[in-house]
Amino acid sequence: MGEFYMPSLGADMEAGTLVEWLVKPGKRVKRGDIVATVETQKGLFEIEIFEEGLIGEPLVQTGEKVPVGTVLAMVHAEGAQVTPVEVAPKAAKTPIAETTAEQLPRAKPPSAAAPPPFSVPSGRVASSPSARALAAELGVDLGAIHGTGPHGAIQRSDVELAARATSQEAPAHKEPAPSGTLQEGMRQAIAAAMSRSNREIPHYYLEMDIDMSRPLRWLETENLKRPIRERILPAVLLLKAVATALGDVPELNGFWIDNRLQVSPEAHIGFAIALRNGGLITPAIHNVDRLTLAELMTAMGELIERTRAGRLRSSEMSDATITMTNLGDLGVKTVFGVIYPPQVALVAFGRIMERPWAENGMLAVRRCVTATLAADHRATDGHRGSQFLEALGRYLQNPEKL
Amino acid sequence: MNNDKLKEIIYRILKQIAPECDPTELLPDENIREALDIDSYGFLQLLIGIGEETGVDIPETDYDQVFTLAGMLGYLSKHLP
């Protein structure tokens, strides 16, 4: 038997309002099914499930606002009788910190089998020493926390989240936030995440100019062969090159959790999308390194459309391993990014524009872009960072191989 | 297809891309993307829409001719099938 939790849709989320159940109790669900919609400060999201089985009676009703980690429903093994489960209200409603399996850097791809339940056996709680110390200090009950570390171990961040959730007493609002306050909520969410970033992450910045003439000429030739609907934007080349370069410098791809770097084997790039009515969302494009440019263009287009239509999925909001922002549509030349915690790097691009370019003793006019890396100095040093930018530039010069 | 009809098509597609804007307020020589804050993806959607309604496929190499409303109208009238 598994549990379906209110997922964390990013570092800035503490609670969410269950807006709608999309499946009825007793319905068979499988990994990746969309089972509910949830509203957060950043809007409305479709919530996927990562358990297999029959979904139980809702433990949280439509319109209820609950902290991240709250059990929304049980998931029963196939063949088990689905009856309203006896779940102690405490277990169901206690604010527990949990960041969903999807947000975790995974040591290996999840197996096809149902993942082990997240609950920590009572009695013996796996937790890191610093988490235990912090829990004692903050008066948080370790037994009530869901760990997000390896094998469900509780980490400092889990304790911090739980302490925060408890202190706020998580009021159960009956109504989703009216849309008028959505913009305000969005601002608050960004403010929280960015303040945490600036407070906790010792950023370092590197920048490099990249000659884009060759990749853009190649892309223009490619695009001439394609119907306009299949045309590929330069941003797609940049995305793919970032993912490829991360293969060379994987330390920039992952999370800083519990005082150590956890490298992600998958390149899920959070792609910064500005919303038309203000605000910013950085949903993830999954496994960018494994997609062709055409597939990536489709994925990016679909993501932009769904972001603007308010139909993003929970996994896209929670599992980005690095962020890329492209402010090239404005006149900006250089972007110094703020890392989205617990990620450890942000890659940014300014506008592609003609500039004087000296090469082989000659001065020429080339189309160039300035790429910047904002990285977490706890996780990497400038040397590795510059190797990343160097690799990025190199891969862009061979677009046909991307 | 006359200029008024073309304009109507362009305004309609722009309204879908930038719902909070009033495209009819665009000046003929204003840069469409800057005036309405349209990113490269939005601009591609504009060209796709225009291509579907007018049959004119604007290649990337001609993008610099269609950055303004006047430029776009001129380009389309010249290339209408």
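Trainee: Where does Asn259(A) lie in chain A?

Mentor: Asn259(A) sits in the loop between β10 (254-257) and β11 (260-263) of chain A. Helices (H or I, at least four residues) and strands (E, at least two) are DSSP runs, numbered from the N terminus. This is a predicted model, where local features need pLDDT of at least 70, side-chain atom pairs count only at pLDDT 80 or more, and totals for chains, interfaces and linings use all residues. Residues are numbered from 1 along each chain as its sequence is written, while chains are lettered from A and ligands numbered from 1 in the order in which they are written.

Trainee: Is Asn259(A) buried or exposed?

Mentor: Start with the rule: a residue is buried if 20 or more other C-beta atoms lie within 10 Å of its own, exposed if 12 or fewer, and partly exposed in between, with C-beta atoms placed from the backbone. Asn259(A) counts as exposed because it has 11 C-beta neighbours inside 10 Å. It also has a positive phi of about 65°, although it is not a glycine.

Trainee: And what is the phi of Asn360(A)?

Mentor: Asn360(A), not a glycine either, has a positive phi of about 50°. You'll find Asn360(A) in the loop between β19 (353-359) and β20 (362-376) of chain A. With 5 other C-beta atoms within 10 Å, Asn360(A) is exposed.

Trainee: Which residues does a cis peptide bond join?

Mentor: Look at Pro341(A) and Pro342(A), where omega is about 5°. Pro342(A) belongs to the loop between β17 (322-326) and β18 (345-349) of chain A.

Trainee: At what angle do α7(A) and α8(A) pack?

Mentor: Here's how angles are read: axes are lines fitted to C-alpha atoms, for helices over the stretch in contact, and angles run from 0 to 180 degrees between N-to-C directions. Angles under 35 degrees count as roughly parallel, over 145 as roughly antiparallel, 65 to 115 as roughly perpendicular and the rest as oblique. Helix α7 (residues 234-248) and helix α8 (residues 293-309) of chain A pack at about 110°, with axes 10 Å apart, so α7(A) and α8(A) are roughly perpendicular to each other. Among the residues making the contact are Leu237(A) and Lys240(A) of α7(A), plus Leu296(A) and Met300(A) of α8(A).

Trainee: Which residues does Leu291(A) touch?

Mentor: Two residues are in contact if their C-beta atoms, placed from the backbone, lie within 7 Å. Leaving out residues up to four places away in sequence, Leu291(A) touches Leu296(A) and Ala299(A). Leu291(A) is in the loop between β15 (284-285) and α8 of chain A, and is buried, with 20 other C-beta atoms within 10 Å. Its C-alpha atom is 8.1 Å from that of Lys240(A), 51 residues apart along the chain.

Trainee: What is the average pLDDT of chain A?

Mentor: pLDDT is the predictor's confidence in each residue, from 0 to 100. Chain A averages 82, and 74% of its residues score at least 70. Over residues 84-124 of chain A, though, the pLDDT is below 50, and this stretch has 82 contacts in the model beyond near neighbours in sequence. Where pLDDT is low, the predicted coordinates should not be read in detail. Chain B has a mean of 93, with 100% of its residues reaching 70 or more.

Trainee: How many helices does chain B have?

Mentor: Chain B has four helices and zero strands. Buried residues make up 27% of its 81 residues.
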